[in-house]
Amino acid sequence: MKKTLINIAMMAALATTSSVAMANKAGDMILRVGAVNVQPNSDKATVYAGGNKVDLGAGALTASVESDTQLGLNFVYFATDKVAVEVLAATPFTHDLKVHSGDATLDLGETTHLPPTVSALYYLNAPSDKFQPYVGLGINYTVFFEEEFAPGVTGADSVGGLNLTDLKLKNSWGLSAQVGFDYHLNEKWLVNASARYIDIDTTASFKAIDGSVPGKVEVSVDPMVYMVSVGYKF
């Protein structure tokens, strides 16, 4: 009986030590690496040229943005046991742009962007728990670059004679909100999954018909961003 009690006491001590070792605490840092998928909302934006809606005979021309997946990286610093600051980064995302005329869909072009986001996280469970769900609020700055039209909408033989040129997307500031969790495998390694909404609104400007007509598209990208990653705590 005495031996059994000693064994139980030793097991309890080891469990407590393991729990404390895995606990989040002020000054901890986590580096996460994984896959990030950006899924813009499905709303289609109307294309304007010369202040008027562009109509090729099948209703107003509209544009949409396709999804993309890239390598993601984020860094978390714990200010307290339950409050942390997170910085999200990733390799550049390249999104296909589509144009819609009635039931027909054509390649409009593509754009590349970087959406660095800084968030404040609040962890909901006790710091010693392996499972650490959290909520977060942050701010995003999206930089667009390498915008270009597809061959089908440029040149003298382009669809509807549009001959689109000089595509440019305006950079965007916006808020973000997320939910996620860390699951600690041991005192150093963890797995993470998160879903966040980012408010990204941009204006795509261009020129049409040999550069003689200015055009624009007001695009609410507003994507859902999903990340699955592996993390290491320092």
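What is the volume of the second largest cavity? The second largest cavity has a volume of about 70 Å³. The model in which it is found is predicted: local features need pLDDT of at least 70, side-chain atom pairs count only at pLDDT 80 or more, and totals for chains, interfaces and linings use all residues. Residues are numbered from 1 along each chain as its sequence is written, and side-chain values use heavy atoms, with hydrogens and water left out.

Rolling a probe the size of a water molecule over the atoms shows where empty space is left. Here a cavity is a set of points, on a 1 Å grid over the protein atoms alone, where a 1.4 Å probe fits but cannot get out; its lining residues have an atom within 4 Å of a point. Grid points are joined across faces, edges and corners, and a volume is the space filled by probe spheres set on the points. Searching the whole structure in this way gives two cavities of 30 Å³ or more.

The largest cavity has a volume of about 270 Å³. It is lined by 30 residues, of which Ala63, Ser64, Leu97, Leu108 and Ala204 are the closest to its centre. Several strands (DSSP runs of E, at least two residues, numbered from the N terminus) each supply at least two residues of this lining, including strand 4 (62–65), strand 8 (104–114) and strand 14 (201–208). By class, the lining has 24 nonpolar, six polar and no charged residues. In this scheme Ala, Val, Leu, Ile, Met, Phe, Trp, Tyr, Cys and Pro count as nonpolar, Asp, Glu, Lys and Arg as charged, and the others, Gly among them, as polar.

The lining of the second largest cavity includes Val36, Val38, Phe93 and His113. Strand 1 (29–39) and strand 6 (83–90) each supply at least two of its residues, and the largest share, three residues, comes from strand 6. This lining has 11 nonpolar, one polar and no charged residues.

Attention now turns to strand 9 (residues 117–123), where Val118 lies. With a relative accessible area of 40%, Val118 is partly exposed, because that class lies between buried (under 20%) and exposed (over 50%), for a 1.4 Å probe and protein chains only. Apart from neighbours within four places in sequence, Val118 is in contact (heavy atoms within 4.5 Å) with Val85, Glu86, Val87, Leu137, Gly138 and Ile139. Val118 and Asn140 are 22 residues apart in sequence and 6.6 Å apart in space, C-alpha to C-alpha.

The structure also holds seven aromatic pairs. Rings of Phe, Tyr and Trp (its six-membered ring) pair if their centres lie within 6.5 Å; planes under 30 degrees apart count as stacked, over 60 as edge-to-face and the rest as tilted. Phe78 and Tyr123 form a tilted pair, at 5.1 Å centre to centre and 40 degrees between the planes. This pair links distant parts of the chain, Phe78 in strand 5 (residues 68–78) and Tyr123 in strand 9, 45 residues apart. Phe78 is buried at 0% relative accessibility, and Tyr123 is buried with a relative accessible area of 0%. Another tilted pair joins Phe131 and Phe181, at 5.4 Å centre to centre and 45 degrees between the planes. Phe131 lies in strand 10 and Phe181 in strand 12 (residues 172–184), so this pair ties together parts that are 50 residues apart in sequence. Phe131 is partly exposed at 39% relative accessibility, and Phe181 is partly exposed with a relative accessible area of 30%. Finally, ring pairs link Phe78, Tyr123 and Tyr134 into a cluster.

Definitions and conventions
1 Å grid on protein atoms, 1.4 Å probe; cavity = no way out; pocket = protein on both sides within 12 Å on 5 of 7 lines; lining within 4 Å. Helix = DSSP H or I, 4+ residues; strand = E, 2+ residues; numbered from the N terminus.
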